[in-house]
Amino acid sequence: MTIRARLAACLVIAAGFATPLLANDDYIRDAAERVKAADWNAMEVVTVTLDEHSFTPSELRFKAGKAYKLQLKNVGKKDHYFTAEKFFRAVAWRKAMVDKQAEVKAPYFTAFEPLKNGGQIDLYFVPVTKGSYDVICTIEDHQQQGMSGTLVIE
Ligand SMILES: [Cu+2]
């Protein structure tokens, strides 16, 4: 076995048995398999409204391995962001859909912005790494005024 072949074999084994870790620059690398394995017919739809200055509900709980559509709706007058970098790296992404028009696919996201009044972004994902994660609005002083919340994967 060449070194290259041996290294390739090691990588395959590591990928097969790796438990999800969450370093700062990490994300769920086997998202495609996890998305495929989830039951999308049993997808749970969860809605968060963004307003001055809150996320409602401010705490969401997700079950690892289950398929979700998280609908973000801005019902406020101002623009609002939904910034949850660590949470977005703890889930396996299927896609994000912007105002039911554009589908966006990426290994992971850091924030969804700006959500204009009446704007809606739908996030399709499968939660993976258990933990409690922050979500904030990073515009001006919105976080201080109450735009912060918790996203839990259990
Ligand atoms: Cu805001």
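The following exercises, each with a worked solution, concern the predicted model shown above.

Residues are numbered from 1 along each chain as its sequence is written, and side-chain values use heavy atoms, with hydrogens and water left out. Local features need pLDDT of at least 70 and side-chain atom pairs count only at pLDDT 80 or more, while totals for chains, interfaces and linings use all residues.

**Exercise 1. The chain as a whole**

Task: State how many helices and strands the protein chain has, and in what pattern they follow one another.

Solution. Helices (H or I, at least four residues) and strands (E, at least two) are DSSP runs, numbered from the N terminus.
- Step 1: The protein chain has three helices and eleven strands.
- Step 2: Along the sequence the pattern reads α-α-β-β-β-β-β-α-β-β-β-β-β-β.
- Step 3: Contact means heavy atoms within 4.5 Å. Among contacts in the protein chain with a separation of 6 or more, 73% are between residues 24 or more positions apart.
- Step 4: Buried means under 20% relative accessible area, exposed over 50%, and partly exposed in between (1.4 Å probe, protein chains only). Of the 154 residues of the protein chain, 38% count as buried.

**Exercise 2. The copper site**

Task: Identify the protein donors of the copper ion and classify the site.

Solution. Donors are N, O and S atoms within 2.8 Å of the metal (3.2 Å for Na, K and Ca); water is not among the atoms, so sites may look incomplete.
- Step 1: The protein donors are H80 (ND1), C137 (SG), H142 (ND1) and M147 (SD), at 2.0 to 2.6 Å from the copper ion.
- Step 2: Their spacing in sequence is H-x56-C-x4-H-x4-M.
- Step 3: Four donors count as tetrahedral if all angles lie between 85 and 135 degrees; four count as square planar and six as octahedral if opposite donors are over 155 degrees apart and all others between 65 and 115; anything else is irregular.
- Step 4: The angles among the four donor atoms of the copper ion run from 84 to 138°, and the site is irregular.
- Step 5: Of the donor residues, H142 and M147 are buried.

**Exercise 3. The nonpolar cores**

Task: Name the residues with the most contacts inside the largest nonpolar core, and trace the surroundings of L70 and L60.

Solution. A nonpolar core is a set of buried Ala, Val, Leu, Ile, Met, Phe, Trp, Tyr and Cys residues joined through side-chain atoms within 4.5 Å.
- Step 1: The largest core has 30 residues, and L70, F82, F87 and L123 have the most contacts inside it.
- Step 2: Residues up to four places away in sequence aside, L70 touches V46, V48, L60, F62, F82, I121, D122, L123 and F125.
- Step 3: Another core, of eleven residues, lies apart from the largest one; V35, A38, W40 and Y124 are among its members.
- Step 4: L60 belongs to strand β3 and is buried, with a relative accessible area of 7%.
- Step 5: Beyond its neighbours within four places in sequence, L60 contacts V46, V48, L70, T150, L151 and V152. The C-alpha atoms of L60 and L151 are separated by 5.0 Å, although the two are 91 residues apart along the chain.

**Exercise 4. Aromatic pairs**

Task: Describe the ring pairs that F109 forms with W93 and with F112.

Solution. Rings of Phe, Tyr and Trp (its six-membered ring) pair if their centres lie within 6.5 Å; planes under 30 degrees apart count as stacked, over 60 as edge-to-face and the rest as tilted.
- Step 1: The count comes to 16 aromatic pairs.
- Step 2: W93 and F109 form an edge-to-face pair, 4.7 Å centre to centre with 80° between the planes.
- Step 3: Because W93 lies in strand β6 (residues 91-98) and F109 in the loop between β7 (102-104) and β8 (111-115), this pair ties together parts 16 residues apart in sequence.
- Step 4: F109 and F112 form a tilted pair, 4.9 Å centre to centre with 45° between the planes; both residues are buried.
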